[in-house]
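Me: Please take me through a few local features of this model, one at a time.

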Amino acid sequence: MSGPQCCSNPPTLNPNAGAGHVEQLGGLSTYVSGSPNSKLAILLISDVYGYEAPNLRKLADKVAAAGFYAVVPDFFNGDPYVPDDANRPIQVWLKDHGMDKGFEEAKPVIEAVKSKGVSAVGAAGFCWGAKVVVELAKVEFIQAAVLCHPSFVTLDDIKGVKVPIAVLGAENDHLSPPALLKQFEEALAAKPEVDGFVKIFPKVAHGWTVRYSVEDVAAVKSADEAHQNLLEWFAKYVK
């Protein structure tokens, strides 16, 4: 399930990227952007490359500019996946960084955010992070969820979701192919008590919302469209 596509187009990590700063939150080093006085927070849960990815931090800044307190924790404790490490292929790395562990570590981060006076929390997950977000959405730790090109998310996961959820998928994605996304859409349609939205973006591949080249005009346009959909979803349900 975690083939080459899961790890394609790795970002050049930069600990100083973004307009925000890093602080300790719920026991994790966390990139934060926006006003800590905002009553609305969005948790962004990264792909396997972690919280120093510049495009992810740029998106956090965009979320902050929309009025939310944006929070991007380092769930890998300084140990993101390194594609060039032949001794530690993705399957081995995942043994140290399971999504179940991410789910447990997200809870104190959400508690810490709420202790600052935040009244509503949304969460967006990218690839690896989407599985963590869908788990949070099953137990209502968050008010709304967005999954971008999810990895490891199953139909049963979607059936178990209890909060409004948007799934933004890619036409070319072996991890969440369009056929699976259509099943997600049908499952959500069968749950009138939970608002759901599924969109398949044409001519893009797994990872496109955060692992795009800033020089590629078409790629930037598709990513921007997804970011806009994400912001619209949170504006509607995190309030």
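Reply: Buried means under 20% relative accessible area, exposed over 50%, and partly exposed in between, with a 1.4 Å probe and protein chains only. The model is predicted, so local features need pLDDT of at least 70 and side-chain atom pairs count only at pLDDT 80 or more, while totals for chains, interfaces and linings use all residues. Residues are numbered from 1 along each chain as its sequence is written, and side-chain values use heavy atoms, with hydrogens and water left out.

Me: Is Cys7 buried or exposed?
Reply: The relative accessible area of Cys7 is 11%. Buried residues are those under 20%. Cys7 is therefore buried.

Me: How many disulfides does a search of the whole structure find?
Reply: A disulfide is a pair of cysteine sulfur atoms within 2.5 Å. For Cys7, the nearest cysteine sulfur is that of Cys6, 3.1 Å away, and Cys7 is in no disulfide. Cys127 is in no disulfide either, with the sulfur of Cys6 nearest at 6.9 Å. Over the whole structure, the number of disulfides found is zero.

Me: What relative accessibility does Cys127 have?
Reply: Cys127 counts as buried. Its relative accessibility is 2%.

Me: Which residues does Gly125 touch, leaving out those up to four places away in sequence?
Reply: Gly125 lies in strand S5, residues 120-126; strands are DSSP runs of E, at least two residues, and helices are runs of H or I, at least four, numbered from the N terminus. Gly125 is buried, at a relative accessible area of 0%. Contact means heavy atoms within 4.5 Å. The residues touched by Gly125 are Ile45, Ala130, Val133, Val146, Leu147 and Cys148.

Me: Why is H3 called oblique to H4?
Reply: Axes are lines fitted to C-alpha atoms, for helices over the stretch in contact, and angles run from 0 to 180 degrees between N-to-C directions. Under 35 degrees counts as roughly parallel, over 145 as roughly antiparallel, 65 to 115 as roughly perpendicular and the rest as oblique. The axes of H3 (residues 99-115) and H4 (residues 128-138) come within 9 Å and cross at roughly 60 degrees. That makes H3, relative to H4, oblique.

Me: Which residues in H4 are met by Met99, Gly102, Phe103, Ala106 and Ile110 in H3?
Reply: Those five H3 residues make the contact with H4 from their side. Their partners in H4 are Trp128, Lys131, Val132, Glu135 and Leu136.

Me: Where does Phe152 lie?
Reply: Phi of Phe152 is near 70 degrees, a positive value in a residue other than glycine. Phe152 counts as buried, at 14% relative accessibility. Its place is the loop between strand S6 (144-148) and helix H5 (155-159).
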